Amino acid sequence: MPAIRYENVPVSMPRLDAAGKKYLAPANSVSIAHGAKLNPYRTFAANSVPEMRIAGSTDTKITIAFPMCNKFASDNASLDSYNFASGVFANLTGTGNADITIGGRIFSGCYLDQLSIDIVPFQAAAMSTSFTCTNPPTGLAMISGQATGESGMNSKFAYGHFAAISGADNYSDNIHSSISFSLDLKRSYSYAISKRNSHRVFLDEASKQLQIKSTNIKTFINESGANSSFSIDLKNESGQLILPSGTLSVSSRGRLTAQNLTVSPPNILTADVTIDEILI
């Protein structure tokens, strides 16, 4: 088998609103952790040899990291210009699942476990996603190379200094050096007789968190925390939104739960605040 270089392993998932079109990720990191659940089996029989027997379904975790952009130019007509992050937020932040293609292999029934977005000035906003795959491909065939021919990307990335912020002045100074947004989802997987893969998947918990670093805070919270809404819109150099306005936000149900102040010569004082919102 020939070596597969990184530029020949495209990552995508189908668009639900356009048959034959895909969300394409400009991924700079992909990891697939796949394993069988086996337990040792021993008996009292004379001269018996311990065996490994099935103890559950295969366990497949996928992590994908990529810079965020509003469109992804590609010379491959079968792919679409819409970005992977749009598909994640549109289809996978609830009970939905998707088929994720990595280097020509399709991993079916992928459910989002966690996503995080890190935003700083003069760098492209970076998104990291984690999935559980309920129907991974099995067999000897592995990932294969496939050229994509991406071009014209520089002006399409979402840099932190182009972002628009609202709501932060309620609890922090108006000079923000970094913002991190995360969404965590916890699920239960149900299995049925005669069904090899998960029969049903239930969304048990969902929560958001925003962590903001700035130059100061306004007041300290008490033991009840404080109601705190916040929103940040990512844009590219032309002012085009990367995600629909309000996607990266916490509502008025969000609670300011932590504040940290740090200063050491010759640096200026820095403040970190954390906002949590329970969705389910």
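**Aromatic contacts, core and strands in a predicted model**

Arg-53 lies over the face of Tyr-41, at 3.7 Å from the ring centre, where a charge is said to sit over a ring if NZ of Lys or CZ of Arg is within 6 Å of the ring centre and within 35 degrees of the ring normal. Arg-15 is placed over the face of Tyr-23 in a like manner, with 5.9 Å to the ring centre. The model is a predicted one, in which local features need pLDDT of at least 70 and side-chain atom pairs count only at pLDDT 80 or more, whereas totals for chains, interfaces and linings use all residues. Residues are numbered from 1 along each chain as its sequence is written, and side-chain values use heavy atoms, with hydrogens and water left out.

The protein chain contains one helix and 17 strands, these elements being DSSP runs numbered from the N terminus (helices: H or I, at least four residues; strands: E, at least two). Of the 280 residues in the protein chain, 38% are buried, a term that stands for under 20% relative accessible area, with exposed meaning over 50% and partly exposed in between (1.4 Å probe, protein chains only). The accessible surface of the protein chain comes to about 15,300 Å², and 52% of this area belongs to carbon and sulfur atoms; accessible areas come from the Shrake-Rupley method with a 1.4 Å probe, and for residues only the protein chains shown count as cover. Among the contacts in the protein chain with a separation of 6 or more, 69% are between residues 24 or more positions apart, a contact meaning heavy atoms within 4.5 Å.

Helix H1, which spans residues 84–91, is mostly covered, since seven of its eight residues are buried. The buried residues of H1 are Phe-84, Ala-85, Ser-86, Gly-87, Val-88, Phe-89 and Asn-91. Phe-84 also belongs to the largest nonpolar core, which has 47 residues and in which Phe-84, Ile-117 and Phe-131 have the most contacts. Strand S8 (residues 105–119) gives the most to this core, with six residues. A nonpolar core is here a set of buried Ala, Val, Leu, Ile, Met, Phe, Trp, Tyr and Cys residues joined through side-chain atoms within 4.5 Å. When residues up to four places away in sequence are not counted, Ile-117 touches Met-68, Phe-89, Ala-125, Ala-126, Met-127, Ile-179, Ser-180, Phe-181, Leu-234 and Leu-248.

Four aromatic pairs are counted under the rule that rings of Phe, Tyr and Trp (its six-membered ring) pair if their centres lie within 6.5 Å, with planes under 30 degrees apart taken as stacked, over 60 as edge-to-face and the rest as tilted. In one of these pairs, the ring centres of Phe-66 and Phe-84 are 5.5 Å apart and the planes stand at 80 degrees, so the pair is edge-to-face. This pair links distant parts of the chain, as Phe-66 is in strand S6 (residues 59–67) and Phe-84 in helix H1, 18 residues apart. Both Phe-66 and Phe-84 are buried. Tyr-159 and Phe-162 form another edge-to-face pair, at 6.2 Å centre to centre and with 90 degrees between the planes. Here Tyr-159 is partly exposed, with a relative accessible area of 25%, and Phe-162 is likewise partly exposed, at 26%.

Among the strands, S11 (residues 176–190) and S12 (residues 200–214) pair in the antiparallel sense over 14 bridges, two strands being paired if DSSP finds at least two bridges between them. Within this pairing, Leu-183 stands opposite Lys-208 in S12. Strand S12 is also joined by eight bridges to strand S17 (residues 270–278), again in an antiparallel arrangement, and the bridge partner of Gln-211 in S17 is Thr-274. Ser-31, located in strand S3 (residues 29–35), is partly exposed, with a relative accessible area of 35%. Ser-31 and Ile-64 are 33 residues apart in sequence, yet their C-alpha atoms are 6.6 Å apart in space.

Two residues other than glycine have a positive phi and lie in loops. Phe-122, with a phi of about 65 degrees, lies in the loop between S8 and strand S9 (126–135) and is exposed, with a relative accessible area of 64%. Ser-194, whose phi is near 75 degrees, lies in the loop between S11 and S12 and is exposed at 71% relative accessible area.
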